Amino acid sequence: MTNKRDNQNDRDQYFKERAGTDEARFHVVPHEEESWAVKVEGKEEPAYTSDSKSEAIKEAKRMAEESKTIAYIHDDDGKIERQHNYMES
């Protein structure tokens with residue numbers, strides 16, 4: 001069984017591997033004790049943070065729609081639970 005620290009390390013590695021890709025995709029991920037962040041692939045610092053997952057999702061969707069890309073929503077363990085694709089709209 002993996003713990004949250006392992007999941008955070010996996011997420012950090014994923015973002016590093018995606019750095020420099022053409023489309024900036026936005027991920028809603030758990031962030032520091034009970035809060036949520038919107039992270040842009042390839043960036044270390046969150047683009048947005050909130051105590052509310054729903055607010056983070058709303059912002060990620062707005063950012064993805066504006067950029068014509070994808071917003072990925074992760075669960076508490078860091079696994080992708082759904083995505084919103086704005087690449088074709």
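In this predicted model, R62 is partly exposed, with a relative accessibility of 40%, and its side chain meets that of E59 in a salt bridge in which N and O are 2.6 Å apart. Both residues belong to helix α2, where they stand three residues apart, or about one turn of the helix. E59, by contrast, is buried, because its relative accessible area of 18% falls under the 20% limit used for that class.

This pair is one of four salt bridges found in a search of the whole structure. Another is formed by E81 and K53, whose closest N and O atoms lie 2.7 Å apart; it links distant parts of the chain, since E81 is in strand β5 and K53 is in helix α2 (residues 53-67), 28 residues away. E81 also forms a salt bridge with R82, with 3.3 Å between the closest N and O atoms, and through shared partners K53, E81 and R82 are joined into one network.

As for the overall fold, the protein chain contains two helices and five strands, which follow the order α-β-β-β-α-β-β from the N terminus. Of its 89 residues, 36% count as buried, and the accessible surface comes to about 6,000 Å², with 41% of it belonging to carbon and sulfur atoms.

Terms used: Residues are numbered from 1 along each chain as its sequence is written. This is a predicted model: local features need pLDDT of at least 70, side-chain atom pairs count only at pLDDT 80 or more; totals for chains, interfaces and linings use all residues. Side-chain values use heavy atoms; hydrogens and water are left out. Helices (H or I, at least four residues) and strands (E, at least two) are DSSP runs, numbered from the N terminus. Buried means under 20% relative accessible area, exposed over 50%, partly exposed in between (1.4 Å probe, protein chains only). Accessible areas come from the Shrake-Rupley method with a 1.4 Å probe; for residues, only the protein chains shown count as cover.
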